[in-house]
Amino acid sequence: MTTNDLMALFEENYRRSVAFDRFLGMTLTVNAVGDVTYTLTVGPDHLTAKDSAHGGVAAAMMDGALGVAALSFAVSRGNLCATVEFKINYLRQVRPGDRLMAHGTVKHTGKRLIVSECDIREQQSGDLVATGLGTFTQYPMDRRQDVLGETKP
């Protein structure tokens, strides 16, 4: 199986299995190993006030983009990963109708840890909405059902 085939299978199964992304209205695109994009249009269910989205919307996008970037790298090496920590800096208010794009990339990999970074931008203006950094620990895929839809004995 080629890396492109593996990432296509990973994206398909991840999209199908992660209900939270669908609940929020986030759409995932796996661009390459360690490189993902999420998009979301801010709607009425995302608001904390009539003119402002809840910070949890950006935090969920950040966690998703950081984590799936790291996970795509881990899966390409036969591993899974889990969040150790992530940090977010909010830089601009998010308003109803804003179309957000979160771009997550792996910045560093070690034997056990993966560090990824993410910027969230409002697509029309290009304004930076939030930026963040996450650390993830890798572990063998056979420790649980994997993201490729197979169950390991």
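Me: Is Thr-37 buried or exposed?

Reply: This is a predicted model, and the answer is computed from it. A residue counts as buried under 20% relative accessible area. Thr-37 has 12%, so Thr-37 is buried.

Me: Which strand does Thr-37 lie in, and how many residues of strand 2 are buried?

Reply: Thr-37 belongs to strand 2, which covers residues 35–41. Five of the seven residues in strand 2 are buried, so the strand is mostly covered.

Me: Which strands pair with strand 2?

Reply: For pairing, look at the bridges and the sense of the strands. Strand 1 (residues 27–32) pairs with strand 2 in the antiparallel sense over five bridges. Strand 6 (residues 99–109) also pairs with strand 2 in the antiparallel sense, over seven bridges. In strand 6, His-103 is the bridge partner of Thr-37.

Me: What do strand 1 and strand 2 form?

Reply: They form a hairpin, with two residues between the strands. Gly-34, in the turn, has a positive phi of about 75°. Ala-32 has Asp-35 of strand 2 as its bridge partner.

Me: Which residues is Thr-37 in contact with, leaving aside neighbours within four places in sequence?

Reply: The list is Thr-27, Leu-28, Thr-29, Asn-31, Met-101, Ala-102 and His-103. Asn-31 also has a polar contact with Thr-37: their side chains are joined at 2.9 Å.

How values were computed
Residues are numbered from 1 along each chain as its sequence is written. This is a predicted model: local features need pLDDT of at least 70, side-chain atom pairs count only at pLDDT 80 or more; totals for chains, interfaces and linings use all residues. Side-chain values use heavy atoms; hydrogens and water are left out. Helices (H or I, at least four residues) and strands (E, at least two) are DSSP runs, numbered from the N terminus. Buried means under 20% relative accessible area, exposed over 50%, partly exposed in between (1.4 Å probe, protein chains only). A polar contact is a pair of N or O atoms within 3.5 Å; within protein, one must be able to donate a hydrogen and the other to accept it, and residues adjacent in sequence count only if both atoms are side-chain atoms. Contact means heavy atoms within 4.5 Å. Two strands pair if DSSP finds at least two bridges between them.
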